[in-house]
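Let us read a model together, feature by feature. Have the sequence and the coordinates open.

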Amino acid sequence: MRVSLPGLYIALGVVLAGLIHVVAVLTLPMLAPRDAHARLAALGPANTMIQLPAAAPGQQVMPMMAPDVRYAVCRYDLSNGPVRLRAEIADELWLVAFYTPLGENYYAVIGADMKQPVIDLIIATKDQTVAEVGVDAPEAFDNVVVVSSPVVEGIALIRAPLAGPSRGAEAERALKATYCGPHKSSSPDPSGP
Amino acid sequence: MPLTGTSTRSSLWREEGSTSMRALGYFIGTFAVALILGIGSAWYMIERGSLLTTAHIGPWKSWLSEGNPNADPYTRAHLARSGRLPLTSTAARYFVANTDSRGSSLSAGCEYLIIGAPLNARWWSIALYNEYGSLIANPSKRYSFNSEEAIRRADGSFRINLSRNARPENWLPSGTDPNRSLMLVLRVYGSRDTDISGIGQIPNDRLPKIERIRCE
């Protein structure tokens with residue numbers, strides 16, 4: 001059987017186009033220079049809670065940020081051990097979402113589902129053990145949730161949707177009281193900031 | 001047979017120089033076309049979405065598995081390019097509109113009426129952006145209306161006037177530049193209707209309609 005030369009080139013072109021398409025789609029998430037993780041990394045160090053400025057014209061950390069939601073972010077790095085996140089949620093609208101640097105929302109705590117208005121959790125990788133950490137105060141440890149992070153570096157983002165007009169200042173105050181930092185196993189009192 | 005064989009071979013030998021040049025030219029041409037097709041189709045499916053990745057309901061578009069760890073490669077690339085951190089669809093749903101309900105592009109040169117039915121969710125918000133996802137400066141510092149702020153009628157429905165000049169009821173100002181392209185984002189947190197996998201469901205007829213009133 002004889003394949004005509006133009007047919008061969010068309011077949012080659014289609015195969016090449018397909019390959020280029022697949023490579024472009026798969027590599028883009030790694031190559032995007034202005035992804036959310038890069039934008040947040042420019043704001044400050046890891047393992048601290050950083051309040052994002054309220055979205056306003058010309059003042060948006062990320063595109064399409066909600067103008068009526070207040071945000072606080074903790075860019076966590078677990079390479080030196082687990083990280084503790086604590087937040088007293090001001091109202092049931094609050095959401096705490098956990099992301100990989102590629103923006104995968106792998107876990108979320110929904111304020112309305114909480115029995116108590118306090119979120120207290122430890123972010124750890126699958127290899128890190130946090131069980132022996134709380135032996136000094138086992139009763140205080142009961143309400144602590146361990147979030148198993150699929151990545152060593154990730155993002156915890158607290159959303160405080162405004163429950164009405166002119167509630168912005170109130171939400172910002174409540175977000176200021178949230179905590180994110182290294183979870184020290186030597187620390188005798190895990191409830192103190 | 002051996003005769004024809006030798007003759008073909010000799011003719012090939014003679015034309016080898018020009019044929020290989022032409023082959024190289026064809027190859028480069030094929031490669032260029034493949035590059036344009038491959039990158040172009042990738043860009044289109046990442047930027048605009050396709051039937052596999054997005055749902056279109058009237059003027060609204062929603063990426064189905066945005067933020068989901070098991071999302072397809074197109075959705076992941078779209079997300080990385082966007083620079084956003086959306087919640088996964090079990091916690092929130094996002095709907096983006098670049099056109100009115102008749103399919104014309106949203107422009108600050110026109111005036112629109114957004115007519116919404118009650119949404120069964122803990123919280124929702126409609127925010128206005130330019131085509132790049134930036135908020136639009138206006139003297140009243142009004143960038144959105146949410147479920148707690150929008151003036152609603154007795155039956156829970158609402159109307160939002162989207163225009164450059166002040167309007168009664170709910171007025172969402174579209175800035176001063178009449179040539180600006182607009183984008184509306186509806187976010188729905190904690191939808192009370194969910195499917196078996198917990199993904200918030202908003203009935204199609206509940207999504208707001210965007211009617212163009214007039215253009216300048």
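The dialogue below takes chain A as a whole, then strand pairing in chain B.

Q: What kind of model is this?
A: It is a predicted model.

Q: How many helices and strands does chain A have?
A: Count the elements, then read their order. Chain A has four helices and nine strands. From the N terminus, the order is α-α-β-β-β-β-β-β-α-β-β-α-β.

Q: What share of the residues in chain A is buried?
A: Burial is judged by counting neighbours: 20 or more other C-beta atoms within 10 Å. In chain A, 39% of the 193 residues are buried.

Q: How do I read contacts along the chain?
A: Look at sequence separation. Take the contacts in chain A with a separation of 6 or more: 72% of them link residues 24 or more positions apart.

Q: Which way do S1 and S2 of chain B pair, parallel or antiparallel?
A: Check the sense, then the bridges. Strand S1(B), residues 54-57, and strand S2(B), residues 60-63, pair in the antiparallel sense over four bridges. Thr54(B) stands opposite Trp63(B). Two residues lie between the strands of this hairpin, and Gly58(B) has a positive phi near 60 degrees.

Q: In what order do the four strands of the open sheet in chain B lie?
A: The order is S8-S7-S4-S10 in chain B, with mixed pairing. S8(B), 170-173, and S10(B), 209-215, are the edge strands, each pairing on one side only. From one strand to the next, the twist averages 25 degrees.

Q: How many bridges join S7 to S8 in chain B?
A: Four bridges join S7(B), residues 158-163, to S8(B), and the two run parallel. Ser163(B) has Pro173(B) in S8(B) as its bridge partner.

Terms used
Residues are numbered from 1 along each chain as its sequence is written. Chains are lettered from A and ligands numbered from 1 in the order in which they are written. This is a predicted model: local features need pLDDT of at least 70, side-chain atom pairs count only at pLDDT 80 or more; totals for chains, interfaces and linings use all residues. A residue is buried if 20 or more other C-beta atoms lie within 10 Å of its own, exposed if 12 or fewer, and partly exposed in between; C-beta atoms are placed from the backbone. Two residues are in contact if their C-beta atoms, placed from the backbone, lie within 7 Å. Two strands pair if DSSP finds at least two bridges between them. Axes are lines fitted to C-alpha atoms, for helices over the stretch in contact, and angles run from 0 to 180 degrees between N-to-C directions.
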